[in-house]
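Here are my notes for you to read with the model open. Take your time and find each residue as you go.

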Amino acid sequence: MKLLVLGATGHTGQLLMSQALEQGHVVKAVVRTPSKLTIQHDNLKVVKANIFSANSLLGHFNEQDVIVSCLAFPIRLFSGLTEYTESMKAIIPAMRKAEVT
């Protein structure tokens, strides 16, 4: 299976990628800072993208079987919009265009 992971540099993202790679899946890690990712594997491809831009994500979403979000953001009090909301405004349209279900 071709698995794309958003938030791959975080604790949850790294655990997910390790398990997927151990099970023989091909993993694409979409990150903001590639140098933060310490995992190396023949079936791992690390790409840099802006999770707030559908255009930045679309090319990476093509030909993926599954997209998993392990995104995490700091809590901000008294904020009506969060990074989760804003990132989904880019991620969902990119998934639809790439026809990932």
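The points below go from the sheet to one residue and then to a pocket.

1. Keep in mind that this is a predicted model. Start with the sheet: four strands make up an open sheet, and they run in the order β3-β2-β1-β4 with parallel pairing. At the edges you'll find β3 (44–48) and β4 (66–69), each of which pairs on one side only. On average, neighbouring strands in this sheet are turned by 20° against each other, direction ignored.

2. Now zoom in on one pair. Strand β1 (residues 2–6) lines up with strand β2 (residues 26–31) in the parallel sense, over five bridges. Look for Leu6, which has Val30 in β2 standing opposite. As background, strands of a sheet pair through backbone hydrogen bonds, either parallel or antiparallel.

3. Next, have a look at Gln64, which sits in the loop between α2 (54–61) and β4. Is Gln64 buried or exposed? Gln64 counts as buried because its relative accessible area is 12%, and the cut-off for buried is under 20%. Setting aside neighbours within four places in sequence, Gln64 is in contact with Lys2, Leu3, Leu4, Lys28 and Val100.

4. Finally, the largest pocket, with a volume of about 390 Å³. It is lined by 19 residues, and the closest to its centre are Gly7, Thr9, Arg32, Ile51 and Leu71. The elements giving two or more residues to this lining are α1 (11–22) and β2, with α1 supplying the largest share, three residues. Sorted by class, the lining of the largest pocket holds nine nonpolar, eight polar and two charged residues.

Conventions
Residues are numbered from 1 along each chain as its sequence is written. This is a predicted model: local features need pLDDT of at least 70, side-chain atom pairs count only at pLDDT 80 or more; totals for chains, interfaces and linings use all residues. Side-chain values use heavy atoms; hydrogens and water are left out. Two strands pair if DSSP finds at least two bridges between them. Axes are lines fitted to C-alpha atoms, for helices over the stretch in contact, and angles run from 0 to 180 degrees between N-to-C directions. Buried means under 20% relative accessible area, exposed over 50%, partly exposed in between (1.4 Å probe, protein chains only). Contact means heavy atoms within 4.5 Å. On a 1 Å grid over the protein atoms alone, a cavity is a set of points where a 1.4 Å probe fits but cannot get out, and a pocket is an open set with protein on both sides within 12 Å along at least five of seven lines; lining residues have an atom within 4 Å of a point. Grid points are joined across faces, edges and corners, and a volume is the space filled by probe spheres set on the points. Ala, Val, Leu, Ile, Met, Phe, Trp, Tyr, Cys and Pro count as nonpolar, Asp, Glu, Lys and Arg as charged, and the others, Gly among them, as polar.
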